[in-house]
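Welcome! Have a look at the structure below, and then we will walk through some of its features together.

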Amino acid sequence: MMKQPEPWQTAEIPGPAKALVISKPEVIVGIIRSAKRPVLVVGPQSADRKVGNEKQIDQLIRIAEAGGIPIVATSRTVAEFSERNYKPVSWMPAVDIANRLRDPEWTGAEEKGQHDLAILTGMQYHVEWLLLSGLKHFGGKLKTISLDRFYQPHASWSFPNISQEEWEQSLAAIQNGLRRSS
Amino acid sequence: MQLKVDELRTDIGLFKNLEITVGRVYEEAWSEKIGPTPFPSVVDLREWDLRLLERYKPFYMPFCDLCCLCTMGKCDLTKQKRGACGLDMAGQQSRIVLIAACIGASTHTAHARHLVEHLIGKYGRDHPIDMGQNVQVEAPIIRTVCGIRPKALGDLEDVLDYIESQMTQLLAATHTGQEASNVDFESKVLHAGMLDHTAMEVADIAQISSMGLPKADPDAPLAEIGFGSVDISKPTILVIGHNVVPAGAIMDYIDSQKLYGQTEVAGICCTAHDLTRYNPKAKIVGPLSWQLRFIRSGLPDLIVLDEQCIRTDTVIEAQKIKAPVIVTSDKNCAGLANRTADDVEQIVADLVSGKTPGVLILNPEKAGEAAVRAARDVAPKRRKFKSIPNQEEISAIAKKCSGCGECRRACPNDLLIPEAMAQAAKGNSTPLSELLTDCIGCARCESACPNGIAVHSLIVSSAGKSLSQERYKIRVGRGGIQDVEIRNVGSPIVLGEIPGVVAFVGCSNYPHGGREIVEMAEEFIKRRFIVTSSGCAAMSVAMHTNEEGKNIYEAYPGAFDAGCFSNVGSCVANSHIAGAAIKIASIFAKRSLRGNYEEIADYVLNRVGAVGVAWGAMSQKAASIASGCWRLGVPVVVGPHGMKYRRMLLGRKDRADDWYVYDARTGNKTYVGPAPEHLFYAAETKEEAMVMIAKLCMRPNDTSKGRAIKLTHYIDLHKRLFSTLPDDIHLFVRRATDIPITMKAEIEQVLAQKGWKEQDIPDPTLLSRLIRGRKE
């Protein structure tokens, strides 16, 4: 598969403002570390997607713990977390968390203040694409990262379309990088 | 305009009780007092809209950063930049939503206009409106919006005149340099939606009153649905679209020529619905996503198109299977010669010989005769010639696949086509066949394939056996809801004891096939909600059976009642679902409907726990139908593809100030909790949708008993599907008596943690003019 900053769904051309490509996972670690209040928004496909011998959601729990990042689960994902004895700080529909993230007066998932970085993953491609578009245009100073395998042009930063192997290696590197820097 | 003068002294004499009326005089015998907004203008209901939009704020998710609508553009509107005309992204997105709603509403209006003109031509302007013996409130939407009671077909022309003039105003507002505010664009969207509901009601009551369609009949007959229900040994005519008049003429011609049993007529989409309402001997193939698979399978000998949601490459596809096409609508001439004035004999000869791939015939009777005669002559020649490969050819074709993945990248449902293709190349076509369940039939995979592989055809061919076994029953569209049914359920709905009305409507752009609709519908039927449906959704629910081999229509009664499942009919029959909510206000609560839209919408929003679910919504018509629901106070849930409407209307349960209403008894402002929480909302999964549907049925007016019942369903579904208690229970418990008894201990614990306090249950309204004991 070619590494190119093209939307995964061919027709979803965004316009002038496109996501910067994540060339090295260390960049993501640095961005997360420099954020004051990051939040990880996790959708239901994270429980279906394989990462090595486990599911993506299992690795996301470790990433969140390593980075001290609160998780907001969308849709039925809260049940998947529950099965793993992990309680996200909040769960709500995907459109609700996006709608709150664009509101400067929202006090955040932990009620400590609005987030300055939202990391999205585990949703259907077009769902995440549209949420990121809403946040790009109406999210003010909020920055966004997509941790999915496919390029999300409306994010601030996204992987390009990469192979499963590269994706798994990148997620592992982010987890390790956050753990080392904690 | 009406002018009343008690006493007027003039040079020519003294006039007492003088009344002067300018314009059309509508009936005087109606005891209901005329309300404040008969035939409302674009701005007459703006204040109501602004109230809704203040609580349910738009959240926009643009498709792209640009506006491309005028020659000053393209303009980059990223992050609230303004374009050359001065509009920002919020304005542009709301403008796009308004354009979509105008497209949808004008489509139903044009459909209604054609039907009314045709039926007046056939039966006369004085032909009576007759919706059935137990239906006194014959046109609840028209009564509420226009302030008139239509008695005859001719009265419907006046309603259409009004709608068309308003639609022109709305569309004009979308021109460059017109409306400047996104909120005002949104208000106009709601106006378009209300007009759309009115137009749909016009269309359906016209055809019900004139064409012998079931009249509010819960026991409407069963018809056959599915690929396998069509007897392809006979000459087969396929009708596609939404306007039943030409398809009805086909059935009439078959009847007149005594050809029943010798010619098969099957339909796709809403024409099929209405054709089985007209004559249940017709068959339904399936929803709109069944078009390509049925045509390419070679089963139709002739295809008749009318209007709306038809694949625009049908003539091309029909040529591949050597089936002629007759188009019958001025909205879709398909580039074909207009043969309306020609002799039927000559038209049939040209179609049968293949001299022309198709014709345009705008006279329905002539189209009906030509269709039957041509189909019967063509059938022996083409012998069900198909354009999909044989099972044996699948592997060879699949070997041409280079595995580039372009098909998957073009697929709206991200189906794993390359993997299935690789298996097919090795001789295992099972993975390919399994894709059909989730396939929406768009064939974008084929357009994307650089090797020219007809991917959709391969999928259809590999699933051929299961397709041919599709054979089910569907209860044909019943039409309206009887007044007596409303009388029976009005009180338990408003008090909350029937936990809600859930309407599964809309198109078949599903994320995971139609089975999710069945699962959701059955869940709420078993919970004794009132469950109703229309359009493609009403077809999809028929195509799955339970352990006993019964589908939903065979397993549950067709009444508008708790634990039942009704099919009202085609798209335009959606008006009966909105109409039922309005009839509750009229028949149960004795509210005056006449030109009284705002009060009725306020009633529905605060008291009628109804939710629309358009799980596969695709079209602009679905957008306008939803818009009409929003203005009426009925929330709409869409599936994940519905996010592509690019705008949600979302409440914020965390902002207490948004959830105050007036207590009409005292004028006090009272917190009622986020009920209903959203007006337009997209769910990612069916589990999420089910939880939200139960929640959105809660209304401020629920009695404690009713609220306890509704909470039971919401909490139970949340626990089962999300494996945890909801985190917002405290927002919906107003008094201790609201707590479901079986969940008392755990809920009391939650309430204690949240510092919950008892609240009043008001007589809720958002309209200060409805306060009886005024305090402000």
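Let us begin with a loop: B:Phe39 is found between β2 (13–21) and α1 (46–55) of chain B. Helices (H or I, at least four residues) and strands (E, at least two) are DSSP runs, numbered from the N terminus. This is a predicted model, in which local features need pLDDT of at least 70 and side-chain atom pairs count only at pLDDT 80 or more, while totals for chains, interfaces and linings use all residues. Residues are numbered from 1 along each chain as its sequence is written, and chains are lettered from A and ligands numbered from 1 in the order in which they are written.

**Backbone details**

Most residues other than glycine have a negative phi, and most peptide bonds are trans. B:Phe39, although not a glycine, has a positive phi of about 45°. B:Arg646 also has a positive phi, near 75°, and lies in the loop between β18 (636–638) and β19 of chain B.

Are these residues buried or exposed? A residue is buried if 20 or more other C-beta atoms lie within 10 Å of its own, exposed if 12 or fewer, and partly exposed in between, with C-beta atoms placed from the backbone. B:Phe39 counts as partly exposed because it has 18 C-beta neighbours inside 10 Å, and B:Arg646 counts as buried because it has 20.

There are cis peptide bonds to look at as well. One runs from B:Gly73 to B:Lys74, with omega near 5°, and B:Lys74 is in the loop between β4 (66–67) and β5 (75–76) of chain B. Another runs from B:Ala675 to B:Pro676, with omega near -10°; B:Pro676 sits in the loop between β21 (669–671) and β22 of chain B.

**Helix packing**

Here are two helix pairs. Axes are lines fitted to C-alpha atoms, for helices over the stretch in contact, and angles run from 0 to 180 degrees between N-to-C directions.

| Helix pair in chain B | Angle | Axis distance |
|---|---|---|
| α2 (89–123) and α4 (153–172) | about 155° | 10 Å |
| α23 (574–588) and α24 (597–607) | about 100° | 10 Å |

Angles under 35 degrees count as roughly parallel, over 145 as roughly antiparallel, 65 to 115 as roughly perpendicular and the rest as oblique. α23(B) is therefore roughly perpendicular to α24(B). Residues are in contact if their C-beta atoms, placed from the backbone, lie within 7 Å. Here B:Ala581, B:Ile582 and B:Ala585 of α23(B) meet B:Ile600, B:Tyr603 and B:Val604 of α24(B).

α2(B) and α4(B) are therefore roughly antiparallel to each other. Residues in their contact include B:Leu98 and B:Tyr123 from α2(B), and B:Leu153 and B:Leu171 from α4(B).

**The core**

A nonpolar core is a set of buried Ala, Val, Leu, Ile, Met, Phe, Trp, Tyr and Cys residues joined through C-beta atoms within 7 Å. The largest one has 319 residues, and B:Ala521 is among those that touch the most other members. α2(B) gives the largest share of this core, 14 residues. Which residues does B:Ala521 touch? Not counting residues up to four places away in sequence, B:Ala521 touches B:Phe504, B:Val531, B:Val541, B:Ile552 and B:Phe565.

**Where the chains meet**

Chain B and chain A each give 33 residues to their contact. On the side of chain B, the largest share, three residues, comes from α13(B).

Definitions and conventions
Two residues are in contact if their C-beta atoms, placed from the backbone, lie within 7 Å.
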